[in-house]
Structure formats: structure tokens, C-alpha cells
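Please keep the structure open while reading.

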There are 2 protein chains.
Amino acid sequence: MALDFTLDAQDTETHARAGRISTVHGEVLTPAFMPVGTQAAVKTLTPDEVAAAGADILLANTYHLYLRPGLETVRRMGGLHRFMSWNGAILTDSGGFQVLSLADLRKVSDRGVEFRSHLDGSRHVLTPEDAVRIQDGLGSDIAMSLDELVDIETGIEDVKRAVDRTVDWARRGLVERERLRSEGSGAMALFGINQGGVHPAERRRCFEGLGSLPFDGFALGGLWVGESKALSLEMVEHDCALFPESRPRYLMGVGHPVDVLEAVARGVDMFDCVLPTRNARRGTVFVSTGRLVVKNAAYANDSRPLDPECACYTCQRFSRAYLRHLFAAGETLAMRLASIHAVTQMVQLARRARAAVVEGRFAEFRRTFVSRFESGETLVAPA
Amino acid sequence: MALDFTLDAQDTETHARAGRISTVHGEVLTPAFMPVGTQAAVKTLTPDEVAAAGADILLANTYHLYLRPGLETVRRMGGLHRFMSWNGAILTDSGGFQVLSLADLRKVSDRGVEFRSHLDGSRHVLTPEDAVRIQDGLGSDIAMSLDELVDIETGIEDVKRAVDRTVDWARRGLVERERLRSEGSGAMALFGINQGGVHPAERRRCFEGLGSLPFDGFALGGLWVGESKALSLEMVEHDCALFPESRPRYLMGVGHPVDVLEAVARGVDMFDCVLPTRNARRGTVFVSTGRLVVKNAAYANDSRPLDPECACYTCQRFSRAYLRHLFAAGETLAMRLASIHAVTQMVQLARRARAAVVEGRFAEFRRTFVSRFESGETLVAPA
């Protein structure tokens, strides 16, 4: 069975699309921003708060959950949805990115990745087959293929080898899912991840390998890792031109509001990023008019909400002065309230972009949003 | 205007009472457990979660709020209720206890307490008049008189001097409230605090001073500070026998479930304590069958809720296994979910005691609760 993805509308001035993905855990409207629940929790938030923000899908990290609490516990507790009490869809990453960024002593070979846990130093091997089996065991709705990432400074020969390996691993993951399906499991969707760094020829070559395989969707990998914004967007344009119209497109790790809109304009459907919530926990949020550092003393007596245009719980109920006080006093509630705003703000940005596409006014929406976001009105102190 | 306190029922076998206090922020049913919102937030929780736990009153700490964000900010933000977005009643302490336990270089004289802030070392003076003015400025519904606490080892001469000072300060606080009322403010209720340590004669002498003054209620101070449980309860019995029936009685700083029930049986109406939520944030909660250390590895695969008999959000939605995972993974959500249970458990314990008094079965309720609480079934690992 292939993933059911319907395109409801396409913008005429840009490549923006409005779609919907059907999963057994409900429909996912695209463009979609997926809040990140690394360890089976979107940091500081309950699943109800994530749902109230408008999210119908979240992302969970396979590497973290595999190490703690472990696949067996999640399985015994009825799968990830039941374990964390989230009834919407879940996309899991393959674990590859975290192995390469968090684990110790990792060794990549054609077979897979060998690494030591960053928690207890225990030794593990993650093959492309393991990645698919683990995600299926977690109960993921949308799984990602194991891929090999390269640094932005990697020489072209190593980029080429990583592309070859990424295609080979993607193919092996699909074979493993077929095997699981023959055993009655493996119902989840599986996405291939396009790599090749900032080399258009390599990204094209990678997709020549992936594009012929029966993936349910395709991701843009290896971007927003230090290259210029112009180059990132060029790669997004490049990949989206190659990807089939009929499959969802997921830009991994992108979460700045303006970047999201620029990528939507180039045809991307799905996003995830820890940046908005990580910033929020440290007292900085995105609002309609840009960034707002709520810890700033300028807000000590500011009775306005974080963002007067936002309908989130935090903005409906609390003042900047109260949030500033909570941050100054070291109250956990500060991180929660700022996170609620941050998740709502991103999820609703994607929703508003969707509505604009459906209503044929995406280009105008993007222009207005970006110009207001960059207006810098935010730091004006209250009267 | 005096505080409106109605007694709905009195137990025939014990001294337990069921009452209701009318405030401009709604009715407070007694016996009542008041969650503690030290810095204008019940740690980790939103006001809606506190209300969902059943609380109709919470406590805020004058000392903390006076120092940060400061009276002026709270006042400019429309008072404490609006600042923290809590629509129920608020009882504030006088600040005296925190000055004596947290501040540096404190110096007590007949005039008041001189101290340095534990935050920035700044020098402050808190007189009984200040305590009343600050609480009125915060917008408290029920304020407490400034009192002088003594250590459990304090010699009788010093206890006597503290009692004299407590009565004098209480009287001065009332005079200050009268002055405020003559200016159109000071609408809040004011409680006197009975002191005298574990010396019945001194507690009696203290109340001889306080009882003739027009306080809206009386608190039992200086107990649960290291003396034996038997002695604590003896003092509760002693004070409640002196206090007028027609005024609410507040036992400060008591929050162990069994202690609360024992004090209710002796005629106490109101309680507050940080213990249940502080323990919860560290992974230990009270449940029907005693204490449960949810961080324990025994719960790693336990699909039961913290307390199968509890109706709180946490117990309705999440397993011990999930909470144990969140604590092990250092997720803030763990503290939140445990705190929701802890607050609900205490607020509902007081509510259930109230219903039992109204229905004439308090003695039986207390017996059953205590015997089950002490059953120790809790630590049995799942099959």
C-alpha cells in the first residue's frame, strides 16, 4: 500500500502546494510544521497542548528512543502513540543524523553505522535494515531511510561515496520493509532522503537512484548545515524540480519562519525543527514582527501578550511582564508558556500558508508576512 | 466588613467541619488544601491546571513577590490575580516566615524585621504595617499578620517575648488595615497567627491577645517544625479548642495526607504545603496506597497510572512507565505531570473529607483512608 497523498491546490505564481496525507492516525494537512518530540515528548508540553497548537503530526527521534526507554519498552506499552498518549500522526527519523551528531566513536561502513551510546557508552550497530525495523517497532506512521550525511567541507569524492551509500541504504530499507510486510507488519510509509550536499550534480545523481524506488515521499537532506541561505534555497529549488508532484516533500531541520515560507514557495510540504522551541525555552520567541527576547527588562511592565496577533493559550492569557517575571524567577512555567507560543506560531504559519495557497493568494501572503516579520517593530518598549 | 464564613456541617464523632468562605474571587470550600504559588506560579503549572485540580484558592508568598517582580509591577499589571491569570481566591502569607528562613542578616526588633534580600543583598525593613500594606497592594483576598517565629529549641523566655511581639504586631496590622479602609482600600480579610511553640500555656496566652481582636480567621503557626507528631496534634487540639467556631482555622505549612486528615479531625479548615509538589518534581508522589517513587526502575514497564483511583489528567492519560521514562530522560514534562497529580491528590483529599463531613461519615472516611494509605501495597512490581 502506498501513502495516500492528495494535492488540494497549487499556487500559480510560485511552486507552493496545499495537500493532505492520510495516515491511520488521521490526516496531515500540508504544508505542515512538525513539532519535535525527541524523547517521546515535545519538550515541556503535553500532547494535548501540541494538538491545541494545531499540530496533526509530530516527529520523534529513533536514536533517542532506541537507547531510552528502548524499543522493547515502547512496544510493551503499546507503541509510541499510546506510550506518549498522542493520537495524531508520528514521523520518525532514521536515527542516522543523531548517531553522527551525538554518539561517540561512530564508524560508518557499507554495512551501516557503528557507535557508542552518548548515555552509557554501550556499543551498537545501526544498519539500514535495523533503522526500518526499529521505526516499525516504535509504531511510526512515516519512517525515514537511513542515509549518510556529510559535512559542508567534505570533498567531492567523499560526497559521491556518501551519495552511493545513501542510495544503497535506501534500497535496502525498502527491501526490509517488504520483508516486514510479508510478515504482516511494516505498514508505515517510508521516505527516501536526497543527499549530495550543495552539489547539484550529486543531488541529481542521488535522486536518479532514489526516484526509481517506490518511496512514499522524499526528503531534502544535508541542507541548512552552514551554507549560505541563497545556496540552500537553490538546492531546494533543484530537488523539488526533480521530485514527483504526487509525493510529499520534506525539508529536514528547517524551522525559521522566513525559511519555511521560502521553501514552501519552492514546493516543500513538510518541515521540522527544534529551533523555535529551543529558543523559546531560553526566552526568545518569534512573533509576527520578528524576534522577541521576552527576558529583556524592557518588558518588565508590558501588559501586552507576546504577540497581539497570536491566538495561542499563552498570548490569550498572559502578559509579556508575567513571562518576563517567570523567566527572571527561573520558573519552569516560563519555558512552557513560551513553548506553547512557539509551537503554535510555527504550526499556524504552515496552516496560514496552506489557506493562502488554497485561496490563490500565497504570493501576497508570503510578501506581507516576510515584510512584517522583518519590520523590527518588536523591540519598541511600551509607553 | 468581616469575612463571610459559613459552617455547612460539623462531624459528630470528631471536630471536623465543612464550611465555605466567600471572597470576591469566589467561594472557598473547606476543608481546603491551598496549592502554593510562591512566585506567582504554582511550580510548573498553569492556573488552569490548578483550577482543573479542583483548587478554588491558592497561596502566594509576599516575601518573594515583594522582592521580584516587586509590588509596583504587580500593581501596574492589575494585581496578582490578573498578573498570574488566576480567577480564584488568593491567600498571601505575611513574608515573615520567608524573611526568617531565606533572607540574610535579619534583625528582629519591636519595630519589625530588617533583612537583606537573598537575591541581591539589598537591605529592607518589613514592619507589621508594611506586611499588611504590601499584601493589600498585591490584591490578596486573605492576608496574614506579621508574626515572630521561634526555633523549636528556643528557651521559654524568648518564646514569651515572641508571643508578646506577635500579639503586638497582629494588633498593629489590624490598625493599618483600618487606616487603609478609611482610604478606600484594605478590603482583604486578615488572619491572626497563634504562636507559642509547643508550650500550651504560651499558645493560650498568645490567643488571649489575638482572640479579642477582630480578625477574620486564625492560623496555627510554629508547628510541624521538628517536634513529634503527637505533640503537633496536641497543639492543634489545644488551639482549635480556643479558636471561635465562627472563624476559619488555618494550619500553616502542613501537607502530608495523613497529617491533613488528623488536623481536619481536630477542627482545622485550611492547609498549605509545598511538600507534595516538591516531592512530585523529584519523582515521588502520594497515591491512595502511600508513597510511590515513580523514578524507580520497577515501573519501567508498568502500564498502570500513578494511582488507578485518581481522576487527574496525569492518571487518566499516562502510565507509570511513561512517567518513569520522562524522569529518567530529564524531561520537564515529568515534573509537570507529577505535579498535576500531586496537587489534585491533595485538593481532592480535602474535598473528599468535606463530603464525608457533610454526609456524616468522616470518621469512617478517615479510618479507611489512613489504613489504605499505610498499606504499603504501592511498591509491588507489575506482573
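## Basis of the model

This is a predicted model, in which local features need pLDDT of at least 70 and side-chain atom pairs count only at pLDDT 80 or more, whereas totals for chains, interfaces and linings use all residues. Residues are numbered from 1 along each chain as its sequence is written, chains are lettered from A and ligands numbered from 1 in the order in which they are written, and side-chain values use heavy atoms, with hydrogens and water left out.

## The interface

In terms of contact (heavy atoms within 4.5 Å), 39 residues of chain B touch 39 residues of chain A. The two chains bury about 3300 Å² between them, 50% of it on carbon and sulfur atoms; buried area here is the accessible area (1.4 Å probe) that two parts lose on being put together, summed over both. B:Asn301, B:His325 and B:Glu331 supply 17% of the area that chain B buries against chain A, more than any other three residues.

Side chains of opposite charge can pair when their charged atoms come close. Between chain B and chain A the count is 6 salt bridges, each defined as a side-chain nitrogen of Lys or Arg within 4 Å of a carboxyl oxygen of Asp or Glu. A:Arg317 forms a salt bridge with B:Asp48, with the closest N and O atoms 2.9 Å apart. The elements giving two or more residues to the side of chain B that touches chain A are α1 (47-52), α3 (71-76), α4 (80-84), α12 (313-317), α13 (320-328) and α14 of chain B, helices being DSSP runs of H or I with at least four residues and strands runs of E with at least two, numbered from the N terminus. By class, this side of chain B has 20 nonpolar, 10 polar and 9 charged residues.

## Salt bridges over all chains

Over all chains, a search of the whole structure finds 70 salt bridges. One of the pairs is A:Asp8 with A:Arg20, whose closest N and O atoms are 2.8 Å apart. This pair links distant parts of the chain, since A:Asp8 lies in strand β1 (residues 4-10) of chain A and A:Arg20 in strand β2 (residues 17-23) of chain A, 12 residues apart.

## Backbone details

A cis peptide bond joins A:Arg68 and A:Pro69, with omega about 10°, and A:Pro69 lies in helix α2 (residues 62-76) of chain A. In chain B a cis peptide bond joins B:Arg68 and B:Pro69, also with omega about 10°, but B:Pro69 is found in the loop between α2 (62-67) and α3 of chain B.

A:Ala40 has a positive phi of about 70° although it is not a glycine, and A:Ala40 lies in the loop between β4 (32-34) and α1 (47-52) of chain A.

Note on methods
Ala, Val, Leu, Ile, Met, Phe, Trp, Tyr, Cys and Pro count as nonpolar, Asp, Glu, Lys and Arg as charged, and the others, Gly among them, as polar.
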